[in-house]
Amino acid sequence: MHAQADTPPLLAAPTGGSLWRRKLLNQAMTALIVLAFVIALIPLFSLLYQVVSRGLPGLDWEFLTGTPRGIVGGGGAAHAIVGTVVITGVTTIISVPVGIMAAIYLTEYGGKSRLRRWLTFFVDVMTGIPSIVAGLFAFALFAIFLGPGIRLGLMGSVALSVLMTPIVIRSSEEVLKIVPNHLREASYALGTPKWRTIVKVVLPTAFAGLVTGVMIAVARIVGETAPLLVTTGIVDSINTNPFEGRMQNLAVYAYSEYRTPGVMKQASYDRAWAAALTLIAIVMILNVVARLVYRRYRTEIK
Amino acid sequence: MEPSQATGAPPLAAAGPQRRWGDRVFSNLAVAAGVTILGLLAGVALFLLVESLPAVGASPDQLPGGKSLVDYIAPLAFGTALAATIAVVIAVPLAVAVALFISHIAPRRIVLVLGFLVDLLAAIPSIVYGLWGIFVLGPAAVPVLEWLERKFGFIIFFKGPASATGRTMLVAGLVLAVMILPIVSAVCREVFSQTPRKLQEGALALGATRWEMIRMTVLPFGRSSIISGSMLGLGRALGETMAVTIILSVSGIVTFNLISQANPSTIAANIALDFPESSGLAVNTLIASGLVLFAITLVTNLVARAIISRQNIQ
């Protein structure tokens with residue numbers, strides 16, 4: 001790598017006078033950088049502490065099993081937990097096949113074609129689409145065919161797929177890229193067709209990495225709120241059918257408990273924090289398990 | 001290889017046509033998936049456009065607030081830009097420092113753990129940031145806001161009167177800064193750690209201190225990554241919804257006052273607040289504002305990605 005224009009003027013002597021002053025500056029800047037790092041982590045620890053200490057009181061059996069249906073200012077979040085599972089599950093079912101196939105295209109079939117270059121670029125751009133815009137897209141898509149009052153679990157999943165698929169493509173591409181070529185060539189040499197090579201050699205080799213990538217992508221979308229506010233609506237009873245009726249996930253539940261608290265405000269806020277704690281727990285577990293899966297099951301490539 | 005298999009030679013020739021067929025189906029599927037993604041991006045633009053057309057054609061008195069579409073969206077766009085600017089101004093210096101710390105200063109053994117901690121910041125759902133912002137950071141910030149008003153009230157940003165709840169633009173921007181910090185820092189870290197060793201060792205060999213080495217080799221080498229990372233962070237801050245929706249107390253005005261109770265809303269927060277209760281043309285108006293947000297973030301991200309991919313080619 002030669003950065004011609006950017007080559008720093010190494011031969012221009014370090015400025016700043018005496019050695020003593022330069023050493024002091026070095027110490028000061030090092031201290032400043034360490035301080036900045038500590039400052040950056042304060043919010044993380046404050047947030048984790050607050051979520052745990054404020055979330056635990058509300059996290060009881062009723063929260064996990066009850067619903068607010070027919071109960072004024074009470075009930076649990078079972079409907080939201082079910083909603084989280086259904087919405088996230090359908091999103092995964094949509095995103096993973098499309099994402100992995102697109103990644104296969106990028107690594108195995110793309111070559112130097114224009115489509116490949118465009119796709120690589122725009123997948124990156126798509127990871128920056130605001131989540132609320134993805135929600136509006138899903139709403140517009142369904143509203144054109146089914147009318148503007150429509151709210152479905154499926155709409156939420158479509159919105160979240162717009163956010164999740166680029167993440168799946170990116171991570172899958174990374175792990176498919178590091179499958180060594182000699183494995184593919186050995187397979188071709190045995191007369192195996194290309195597609196069987198991909199299905200039987202490339203994908204199994206990359207399997208742990210693919211699973212890890214999908215889990216991290218799921219963790220990224222499981223706590224989404226904004227796109228669901230405009231697509232799945234708010235509801236107070238359990239709905240397991242993504243093709244009919246409103247649905248709500250834990251994040252939207254936390255938001256609505258905060259936004260429209262019941263008569264006993266504090267109880268509602270407690271439930272919002274309990275939902276936040278549950279969400280953080282889910283996200284953390286997914287992230288940690290994803291890394292463990294990768295460490296434990298990745299194929300050693302020599 | 002067992003002897004019995006050797007005698008019954010595999011019918012290679014027979015597999016020929018089937019092989020072609022399977023390959024064709026599979027490669028077409030892969031291409032289709034790729035085209036779907038590009039089509040999806042075009043579809044987002046197309047469907048938002050179609051659904052916002054009714055609002056574009058409508059007369060002002062039919063739209064929410066009785067204002068024309070431009071007058072409706074302009075203050076929101078201002079609020080969006082203001083919140084995102086605060087976030088970037090706060091986050092970028094911190095993110096660069098965090099990246100430098102992880103790539104050049106922290107002991108090797110703990111780098112993985114530190115990286116994981118910073119990534120955790122990015123993994124926390126925005127709704128949780130919102131709750132934290134309004135219940136924890138906001139109240140904690142009130143004395144600081146009052147102090148800013150007292151000491152720096154002559155600056156337009158801190159004119160006050162200071163909010164008593166902390167639901168201000170400054171606090172919203174601060175939370176956004178925390179949310180985008182890991183993204184900016186990840187982009188910088190990646191490039192900082194790729195600074196050619198010969199440059200770094202050359203600088204040290206010439207007698208530079210570690211900070212001088214960083215200033216003369218790592219920062220110039222990573223300059224474009226700082227820019228592109230900042231753009232990515234900006235894009236994220238522009239589109240971030242829930243944290244702003246929850247924290248900001250909005251009144252639809254245009255002001256640079258960052259510490260008062262009356263703040264401009266942002267496009268995303270306005271959609272999240274109003275959409276669930278809207279119908280008819282109001283929905284189309286909100287979608288039109290969403291289209292504007294989409295266009296702004298798309299341009300931001302395009303520029304950021306163009307810088308990054310040019311860098312990679314180098």
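The questions below cover domains, contacts and the nonpolar core.

This is a predicted model, in which local features need pLDDT of at least 70 and side-chain atom pairs count only at pLDDT 80 or more, while totals for chains, interfaces and linings use all residues. Residues are numbered from 1 along each chain as its sequence is written, and chains are lettered from A and ligands numbered from 1 in the order in which they are written.

Q: What makes 19–56 and 59–297 of chain A domains?
A: Their bounds come from an automatic or database domain assignment, which gives domain 1 (19–56) and domain 2 (59–297). The C-alpha centres of these two domains of chain A lie 32 Å apart.

Q: How do you know that domain 1 of chain A is in contact with domain 2 of chain A?
A: Two residues are in contact if their C-beta atoms, placed from the backbone, lie within 7 Å. By that rule 5 residues of domain 1 of chain A are in contact with 6 residues of domain 2 of chain A.

Q: How many residues of chain A are in contact with chain B?
A: On chain A, 77 residues are in contact with 79 residues of chain B. Helix α1 (residues 19–55) of chain A supplies the largest share of the chain A side, 19 residues; a helix here is a DSSP run (H or I, at least four residues).

Q: Which residues touch the most other members of the largest nonpolar core?
A: Among them are Phe137(A), Ala254(A) and Val175(B), in a core of 193 residues. Such a core is a set of buried Ala, Val, Leu, Ile, Met, Phe, Trp, Tyr and Cys residues joined through C-beta atoms within 7 Å, buried meaning that 20 or more other C-beta atoms lie within 10 Å of the residue's own.

Notes
Helices (H or I, at least four residues) and strands (E, at least two) are DSSP runs, numbered from the N terminus. A residue is buried if 20 or more other C-beta atoms lie within 10 Å of its own, exposed if 12 or fewer, and partly exposed in between; C-beta atoms are placed from the backbone.
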